[in-house]
Amino acid sequence: MASLPDFPPFNVHEDSNAGPRWKKWLTRFERLLCGLNITADKRKTALLLHYAGPDVDDIYDTLPTSSNEDYKTVVEKLNQYFSPQPNVAFEVFNFRQAKQKPDESLDSYHTRLRRLRPR
């Protein structure tokens, strides 16, 4: 029997900004699936919940689901959970408060502003 490769679980409680961290973690996980040549939805879902860790598995158990959801549906539900609707007014406020730091290059400042821009 082949053993599963090591892969870090998703830390749900690291900070209050789980949405972007979840997207990065999911992208890395999907690269792992591609590298392992796993294409069956049932296996992908099982590995997602296994690798994401017990906290994500518990969260998934609280979401309204059916017994035979495909991988894409499971991912969409978890994406909705971790990426709630942004507060546009707060994002605009943060964007307008951003000032270039004394030791920050113009390119770095521009990149930071692009990350802060309201969606």
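Me: At 37% relative accessibility, what does Asp15 count as?

Reply: Asp15 counts as partly exposed at 37%, given that buried means under 20% relative accessible area, exposed means over 50%, and partly exposed lies in between (1.4 Å probe, protein chains only). This is a predicted model, in which local features need pLDDT of at least 70 and side-chain atom pairs count only at pLDDT 80 or more, while totals for chains, interfaces and linings use all residues. Residues are numbered from 1 along each chain as its sequence is written, and side-chain values use heavy atoms, with hydrogens and water left out.

Me: How many salt bridges does the structure hold?

Reply: A salt bridge is a side-chain nitrogen of Lys or Arg within 4 Å of a carboxyl oxygen of Asp or Glu, and the structure holds 4 of them.

Me: Which residues are linked with Arg21 in a network of salt bridges?

Reply: Glu14 and Asp15 are linked with Arg21 in that network. The closest N and O atoms are 3.1 Å apart between Arg21 and Asp15, and 3.7 Å apart between Glu14 and Arg21. Arg21 itself is buried, with a relative accessible area of 17%.
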